[in-house]
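Here is a short briefing on one protein chain. Take a look at the structure first, then read the points by topic.

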Amino acid sequence: MSTYDWLLMIHVTGAFLLIGGGTAAGILNVRAWRAERPSEIALLLRLIARVAVPAIGLGSVLTLLIGLWLVHNAGYSYGTFWVWAAIVLWVVASALGGRSGSYQGKAQAEAARLAAGDDTLTPELRALIRDPVGNALAYGSGLTIVLILVLMIWKPGQ
């Protein structure tokens with residue numbers, strides 16, 4: 001296998017981790033919206049933090065670093081539109097995802113506190129889980145990642 005083949009394999013693996021982790025986080029988040037007990041919510045949000053977030057983080061790093069190496073190795077120009085657009089979108093997706101994590105962290109802490117008590121769902125916890133800003137940030141990050149995937153496949157301006 002050539003260097004390009006190895007780089008492409010690692011880059012695509014990173015993309016699978018990024019998209020898979022994001023999908024898992026989205027599914028677990030929707031499941032948390034429907035949960036009726038704080039202990040369930042705490043478990044689901046803990047799974048996001050312990051499983052999905054590391055996959056997203058590793059996938060993000062691999063896609064960016066190996067992607068830049070691939071651009072160099074394949075002889076593409078770093079000034080090409082799709083390369084710059086992908087980098088900008090990567091920064092946007094990372095910022096949105098990181099910011100949404102603070103909302104989920106608050107919900108997870110409240111769910112754990114309630115689970116340690118009488119394990120009864122409160123309106124405050126329900127509001128934290130369904131916070132429109134936190135959810136918009138999380139799903140905006142996911143949509144941005146899908147746009148990056150479209151750019152990687154289509155490569156406009158090449």
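A cavity is a set of grid points where a 1.4 Å probe fits but cannot get out. In this predicted model, the largest cavity holds about 90 Å³ of space. The protein is built from five helices and zero strands.

**Overall build**

- From the N terminus on, the elements run α-α-α-α-α.
- The C-alpha trace spans about 60 × 30 × 20 Å along its principal axes.
- The protein has 158 residues, and 32% of them count as buried.

**The cavity**

- The structure holds one cavity of 30 Å³ or more.
- Its lining includes Asn-29, Leu-45, Tyr-103, Gln-104 and Ala-107.
- Leu-128, Ile-129, Asp-131, Gly-134 and Asn-135 are also among the lining residues.
- Which helix supplies the largest share of the lining? Helix H3 does, with three residues.
- H3, H4 and H5 each supply at least two lining residues.
- By class, the lining has five nonpolar, four polar and one charged residues.

- Are the two partners buried or exposed? Glu-36 has a relative accessible area of 54%, so Glu-36 is exposed. Arg-126 has a relative accessible area of 17%, so Arg-126 is buried.
- The cut-offs behind these words are under 20% for buried and over 50% for exposed, with partly exposed in between.
- Another salt bridge joins the side chains of Arg-37 and Asp-119, also with a listed N to O distance of 3.9 Å.
- This pair links distant parts of the chain, 82 residues apart. Arg-37 lies in the loop between H1 and H2. Asp-119 lies in the loop between helix H3 (81-116) and H4.
- Arg-37 is partly exposed, because its relative accessible area is 42%.

**A salt bridge within one helix**

- Glu-110 forms a salt bridge with Arg-113. Their closest N and O atoms are 2.7 Å apart.
- How many helical turns separate the two? Glu-110 and Arg-113 are three residues apart in helix H3, so about one helical turn separates them.
- Glu-110 counts as buried, because its relative accessibility is 17%.
- Arg-113 counts as exposed, because its relative accessibility is 54%.

**A salt-bridge network**

- Which residues are joined into one network? Arg-31, Arg-37, Glu-40 and Asp-119 are, through salt bridges that share partners.

**The nonpolar surface patch**

- Leu-147 lies in helix H5 (residues 132-154). Val-146 is found in helix H5 too.
- Leu-147 has 42% relative accessibility, so Leu-147 counts as partly exposed.
- Val-146 has 45% relative accessibility, so Val-146 counts as partly exposed.
- Leu-147 and Trp-90 are 57 residues apart along the chain. Their C-alpha atoms are separated by 9.6 Å.

- Most residues other than glycine have a negative phi.
- Where does Lys-155 lie? Lys-155 lies in the segment after H5.
- Lys-155 has 24% relative accessibility, so Lys-155 counts as partly exposed.

Note on methods:
Residues numbered from 1 in each chain as written. Predicted model: local features only at pLDDT ≥ 70, side-chain atom pairs only at ≥ 80, totals over all residues. Heavy atoms only, no water. Buried < 20%, exposed > 50% of the residue type's maximum accessible area, 1.4 Å probe, protein only. Salt bridge = Lys/Arg side-chain N within 4 Å of Asp/Glu carboxyl O. Helix = DSSP H or I, 4+ residues; strand = E, 2+ residues; numbered from the N terminus. 1 Å grid on protein atoms, 1.4 Å probe; cavity = no way out; pocket = protein on both sides within 12 Å on 5 of 7 lines; lining within 4 Å. Points joined across faces, edges and corners; volume = space filled by probe spheres on them. Nonpolar A, V, L, I, M, F, W, Y, C, P; charged D, E, K, R; others polar.
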